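Subject: Structure handover

Hello,

Please find the structure below, followed by notes on what turned up in it.

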Number of protein chains: 4
Amino acid sequence: MGKRFRNDYCELAHPFILKALMEHSSEQNEAYGLDVHSRKAAQYIKDAFGAPSAEVFFLAGGTQTNLLLISKALRHFEGVISADTGHINVHETAAVEGSGYKIITIPNINGKITAKQVEEKVASFNDDEHMVRPRMVYISNSTELGTIYTESELAEICGVCKKLNLYFFIDGARLGSALTSSENDLKPSALGKLCDAFYVGGTKNGLLFGEALVINNPELAKDFRRHIKNKGAMLAKGYAVGIQFEAAFENGLYFELAKKANVMADLIKKGFKEFGIDILPSPTNQIFATFEKESALLYIKTFGCELWEDHGEKLTIRFVTSFLTEEPDVNELLEFASSHRK
Amino acid sequence: MGKRFRNDYCELAHPFILKALMEHSSEQNEAYGLDVHSRKAAQYIKDAFGAPSAEVFFLAGGTQTNLLLISKALRHFEGVISADTGHINVHETAAVEGSGYKIITIPNINGKITAKQVEEKVASFNDDEHMVRPRMVYISNSTELGTIYTESELAEICGVCKKLNLYFFIDGARLGSALTSSENDLKPSALGKLCDAFYVGGTKNGLLFGEALVINNPELAKDFRRHIKNKGAMLAKGYAVGIQFEAAFENGLYFELAKKANVMADLIKKGFKEFGIDILPSPTNQIFATFEKESALLYIKTFGCELWEDHGEKLTIRFVTSFLTEEPDVNELLEFASSHRK
Amino acid sequence: MGKRFRNDYCELAHPFILKALMEHSSEQNEAYGLDVHSRKAAQYIKDAFGAPSAEVFFLAGGTQTNLLLISKALRHFEGVISADTGHINVHETAAVEGSGYKIITIPNINGKITAKQVEEKVASFNDDEHMVRPRMVYISNSTELGTIYTESELAEICGVCKKLNLYFFIDGARLGSALTSSENDLKPSALGKLCDAFYVGGTKNGLLFGEALVINNPELAKDFRRHIKNKGAMLAKGYAVGIQFEAAFENGLYFELAKKANVMADLIKKGFKEFGIDILPSPTNQIFATFEKESALLYIKTFGCELWEDHGEKLTIRFVTSFLTEEPDVNELLEFASSHRK
Amino acid sequence: MGKRFRNDYCELAHPFILKALMEHSSEQNEAYGLDVHSRKAAQYIKDAFGAPSAEVFFLAGGTQTNLLLISKALRHFEGVISADTGHINVHETAAVEGSGYKIITIPNINGKITAKQVEEKVASFNDDEHMVRPRMVYISNSTELGTIYTESELAEICGVCKKLNLYFFIDGARLGSALTSSENDLKPSALGKLCDAFYVGGTKNGLLFGEALVINNPELAKDFRRHIKNKGAMLAKGYAVGIQFEAAFENGLYFELAKKANVMADLIKKGFKEFGIDILPSPTNQIFATFEKESALLYIKTFGCELWEDHGEKLTIRFVTSFLTEEPDVNELLEFASSHRK
């Protein structure tokens with residue numbers, strides 16, 4: 001059976017990451033993330049993202065990270081604005097509402113939202129005390145549709161947030177894929193300035209597990225460790241994540257892995273286009289392609305793709321490349337595509 | 001500097017565990033714990049603990065596991081009974097109350113509580129609707145004081161719980177150390193019968209991270225995966241924990257590691273007794289010893305012990321052995337003790 | 001200044017209600033709703049709504065009642081379906097999400113939703129465990145737009161709920177206005193059968209305060225008193241509400257008051273139509289009329305109307321009649337309308 | 001049957017309160033507590049309690065008021081210190097924990113706690129991030145045992161709170177009874193200075209229902225109206241409470257009613273002492289008397305007393321006088337006591 005393109009978290013970890021864990025396997029470390037590896041990793045990340053005075057917290061997963069940041073920032077009478085396609089709105093089994101916070105949705109434009117949409121949405125609430133108060137904007141970059149934000153788009157949202165007293169939080173579960181996209185113009189160092197908090201996803205980019213939450217706004221960082229523990233999210237062996245992020249950021253491995261997945265995805269997109277396959281615009285490692293139903297089901301069966309949207313006669317399905325996708329995998333897929341053209 | 005005896009989660013993982021991760025590093029697995037490793041690990045655990053019809057869920061840490069089980073079982077007008085020294089009551093930054101559940105405390109007897117205490121406590125509530133309703137008993141085994149429950153003690157608590165319509169939940173962060181203690185008479189296979197749920201701690205017994213929550217009561221297991229996700233605790237790479245527990249239970253490694261820590265602790269206790277050092281009764285890998293203040297501070301500095309209780313002139317401090325503690329480490333400590341006698 | 005038409009809760013209470021309170025002012029009653037008045041009132045309500053085996057709970061307000069019923073019925077990974085215009089979605093400062101439950105919205109059709117919409121919405125979730133699980137349908141009758149459900153519409157929603165394992169809850173803040181509308185065909189006695197729970201609003205129909213929550217489904221009624229207390233909603237002097245509902249239902253006063261407000265509203269609507277004023281379809285005591293902006297502002301100023309929707313050139317504003325609205329009030333309004341025609 | 005001494009909320013309301021409601025029954029008021037009566041009542045209360053810059057919020061009941069203030073002030077990793085006998089700890093069906101906040105208990109001394117106890121308790125936490133952080137002190141005055149705090153005791157607790165960065169909140173469900181006790185030395189005007197918030201109980205002192213929460217600390221008052229609505233506690237007819245408090249504070253009625261209940265209680269205590277009945281020290285309207293079991297049960301049956309503590313052979317039971325207790329009621333009780341002496 002050919003290699004699957006189901007998602008970017010079906011393979012355990014990049015060998016370099018596991019090697020780093022092996023190297024430190026018998027040393028003794030401070031528990032709860034107070035160890036030297038976590039400190040080093042935090043420093044690398046602050047350097048990489050232009051956030052010298054930020055605080056970095058290592059957490060186990062993406063939904064947890066979203067839940068923790070949002071529940072730290074908001075009161076229960078406040079809400080978070082998100083694209084209707086936002087991960088928090090669709091794919092987290094109501095973790096945000098389950099913790100007590102309303103999500104205010106805006107219709108997405110290819111997975112994205114604009115500063116103007118945010119401004120209009122907030123205006124519609126008219127500061128009415130019987131309505132929830134919009135208090136945060138949540139976006140993901142790259143988005144759930146594989147699209148990315150330009151630096152100026154982020155700067156505009158940032159500007160509206162400052163004007164309207166909204167926190168700005170960027171879900172970076174696939175931040176690597178955004179920043180290494182061939183279409184990206186966002187400088188990593190801008191992230192330390194443009195938002196109150198963002199996270200650098202490890203799980204979907206070659207780590208065994210772990211996300212690095214970077215909080216630029218000291219008001220949100222205050223007491224955050226207690227908040228983590230209170231939500232059951234503090235890892236005793238925090239250094240297990242620290243070691244991984246140290247390895248990922250010491251020499252740029254993090255960006256290499258993301259870049260590689262993007263390059264592989266670009267090859268697939270190029271091939272698909274040549275075969276006349278209809279694909280959505282996505283400059284990152286997620287590819288949304290539309291086929292006749294029968295074909296689509298064959299792809300799903302052969303490559304483990306997820307069904308994305310059912311149009312009746314046709315289906316849109318998702319292919320995802322990962323840090324372990326290799327050219328032969330891509331070629332196999334393209335040969336399949338070539339021989340199943342219709 | 002000598003090896004520290006601070007706790008049993010300062011070392012990353014046993015080499016066998018890391019080896020297992022390496023071996024599966026490039027294979028593709030189903031995400032979210034639906035993989036073959038997690039299934040195998042679950043089966044090993046159900047076999048080991050006499051729980052053929054239980055459901056097993058792999059989670060990242062102990063506080064999270066406690067929080068998840070308790071919040072699944074109780075309504076907000078119900079409470080959980082615990083020893084006042086219980087981990088949930090003392091050392092989890094109010095994670096249980098933070099999720100909305102009152103802890104009803106009982107004075108501990110060497111870290112333990114009795115069936116009789118539970119019965120009296122419940123009676124004191126008199127089923128008054130203006131008071132919280134006791135609905136669960138939580139114990140840890142081994143306890144926070146290193147003590148263990150006999151099988152008959154557990155059976156008695158189990159009996160009271162059935163009689164009074166209480167769930168019975170056993171925190172097994174250090175279950176291995178309890179079951180391999182030289183004083184233990186509890187059959188692992190009894191755990192599948194005596195309680196509604198228990199967990200098998202990995203973090204404190206040689207795993208990189210991870211706890212296996214075993215739910216015997218199908219009412220509590222219902223919809224548990226949605227509950228996990230809703231609390232932000234579902235790991236995308238669930239197989240990262242599955243692989244570890246598979247390795248730990250395939251050939252009894254889990255019990256070997258715990259046994260070893262206990263044996264090392266027994267050597268220390270024997271030595272301490274010979275030197276006339278005052279220690280609390282604990283048949284597992286935690287040793288609580290009392291010294292003159294000056295001595296105690298020296299131990300803390302040299303071996304990383306935690307201060308347990310301040311008696312003024314004297315301090316009780318805690319030594320913990322781990323799966324990586326070796327005889328030379330013990331000898332070093334005992335030599336130190338020998339040369340610092342007073 | 002003329003009488004205001006701002007809403008139906010600007011006047012304290014109908015004289016009969018206050019008289020009943022006076023009559024019982026010095027007698028001693030059981031606290032917490034266990035008194036004889038509350039029992040009698042509950043029986044009257046069960047009789048009136050064909051719910052002989054229901055349980056009735058008296059609460060202080062509508063948002064509280066919605067919050068209590070929903071938080072009793074759902075788990076945090078479950079959600080409640082509502083029209084986007086639903087009171088819980090728009091006008092309760094995120095009380096439902098603040099308690100931990102996602103609201104799943106459906107586009108309203110004149111304030112209403114259909115069984116078919118519900119069925120399609122639920123299907124779109126595909127029982128995916130990473131998404132919230134729809135578990136309840138919430139509607140209001142009369143709706144936030146003054147419209148009402150026919151008995152067959154409710155029966156259809158009820159059928160879909162049974163089929164899809166959804167609870168069905170009807171917000172009756174203005175139930176009286178629905179049931180006494182000239183267009184109504186819903187028998188009060190159907191409410192005891194068609195839904196799991198509904199409430200009979202007192203605050204908006206002549207009571208000092210208070211809502212009667214009727215729970216038909218015994219699973220939801222179980223432990224409800226403890227739930228009320230736990231949410232801070234149990235009134236020590238529960239009989240204060242019981243006495244009012246006893247007075248309201250002993251001789252049909254409840255329906256008389258609602259009917260009167262409807263009749264007054266019908267007069268206004270008739271007059272507005274004669275003057276060519278554009279009004280939305282609403283067969284109850286809320287009237288939504290659209291005027292040139294300048295006119296609208298004059299009405300708002302003179303009659304205390306709420307701005308409902310801003311169309312730019314024109315504004316839609318709301319007039320509400322109450323149990324104390326009298327014909328002279330209506331005439332005054334219509335004279336004003338007559339003299340401000342354009 | 002003789003008049004019952006069960007509690008102070010078994011009678012609806014004082015005639016003056018109901019009269020005030022009647023007088024305003026047909027006027028139109030702003031909803032949601034923004035009316036002129038609520039404003040006036042707030043001003044009277046601020047004047048009475050020396051709190052010119054406080055904000056006053058009218059709520060429906062005591063548990064709700066406690067829940068609202070505490071949930072506004074604390075984060076979930078913070079806890080509230082209370083006497084073990086505190087109402088929030090014992091008699092609110094876990095409303096505070098149900099909302100997500102741990103209660104840290106201190107052994108009561110006749111229902112009270114001291115500044116020294118608070119200081120020692122806080123020190124025991126050692127600012128450990130794995131433990132809950134004490135962040136508030138809650139007391140009730142008069143206490144659940146009918147005792148009262150002196151002004152200097154409150155000033156000491158206030159001082160410790162300021163020193164240790166704790167909020168200080170006083171539950172005044174029976175504040176009237178404390179302030180009008182013959183043993184009281186606390187000036188009402190001190191309450192505006194000595195604490196961050198307190199409430200003035202109406203339900204237990206002659207109002208139909210309602211409590212006035214006075215927030216001295218602007219940080220806690222911020223956004224409090226949204227918080228009220230979010231918790232389902234905002235009354236549409238807020239003026240229903242405003243009118244009552246206006247009547248209660250316009251001419252000192254509030255204190256008169258409390259005083260009267262105290263005077264009646266003093267008569268009972270005097271009589272009991274003469275008869276050699278053993279009573280606990282309580283200078284307010286609650287009387288805790290201990291009788292042989294048989295006698296106690298007779299009192300319970302005849303006067304509706306609550307059983308307070310079961311000592312085996314003897315029982316302690318509670319008598320409560322109210323704003324409607326009259327001398328003949330007292331005489332009847334004392335005659336009964338006289339004829340049942342043993």
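Between chain A and chain C about 1500 Å² is buried, and carbon and sulfur atoms give 53% of that area. Buried area here is the accessible area (1.4 Å probe) that two parts lose on being put together, summed over both.

Before the rest, the conventions. This is a predicted model, in which local features need pLDDT of at least 70 and side-chain atom pairs count only at pLDDT 80 or more, while totals for chains, interfaces and linings use all residues. Residues are numbered from 1 along each chain as its sequence is written, chains are lettered from A and ligands numbered from 1 in the order in which they are written, and side-chain values use heavy atoms, with hydrogens and water left out.

On confidence, chain A has a mean pLDDT of 97 (pLDDT is the predictor's confidence in each residue, from 0 to 100), and 99% of its residues reach 70 or more. The scores for the model are ipTM 0.97 and pTM 0.97.

Chain A and chain C

The contact (heavy atoms within 4.5 Å) involves 19 residues of chain A and 19 residues of chain C. The rule finds 2 salt bridges across this interface, a salt bridge being a side-chain nitrogen of Lys or Arg within 4 Å of a carboxyl oxygen of Asp or Glu. A:Glu97 forms a salt bridge with C:Lys102, and the closest N and O atoms of that pair are 2.5 Å apart.

There are also 10 residue pairs in polar contact across the interface of chain A and chain C, both residues being at pLDDT 80 or more. A polar contact is a pair of N or O atoms within 3.5 Å; within protein, one must be able to donate a hydrogen and the other to accept it, and residues adjacent in sequence count only if both atoms are side-chain atoms.

On the side of chain A that touches chain C, at least two residues each come from helix H4 (87-90), helix H5 (95-98) and strand E3 (102-106) of chain A. Helices (H or I, at least four residues) and strands (E, at least two) are DSSP runs, numbered from the N terminus. By class, that side of chain A has 7 nonpolar, 7 polar and 5 charged residues. Ala, Val, Leu, Ile, Met, Phe, Trp, Tyr, Cys and Pro count as nonpolar, Asp, Glu, Lys and Arg as charged, and the others, Gly among them, as polar.

The same surface serves both copies, as 100% of the contact residues of chain A recur in chain C. Superposition is by least squares on the C-alpha atoms of residues with pLDDT of at least 70 in both copies.

Chain B and chain A

This contact takes 48 residues from each of chain B and chain A. The two chains bury about 4100 Å² between them, with 56% of it on carbon and sulfur atoms. Of the area that chain B buries against chain A, 18% is supplied by B:Leu12, B:Gln28 and B:Lys237, more than by any other three residues.

The salt bridge count between chain B and chain A is 2. A:Glu30 forms a salt bridge with B:Arg4, where the closest N and O atoms are 3.2 Å apart. Helix H1 (15-23), helix H3 (62-73), helix H5 (95-98), helix H11 (224-230) and helix H12 (239-250) of chain B are the elements that give two or more residues to the side of chain B that touches chain A. The residues of that side divide into 23 nonpolar, 15 polar and 10 charged.

Chain B, too, can be laid on chain A by a turn of 180° and a shift of 0.0 Å along the axis, with an RMSD of 0.0 Å. Here 100% of the contact residues of chain B recur in chain A.

Other points

Over all chains the structure holds 80 salt bridges. A:Asp127 forms a salt bridge with D:Arg226, with the closest N and O atoms 2.8 Å apart.

A cis peptide bond joins A:Asn141 and A:Ser142, with omega about -5°.

Regards
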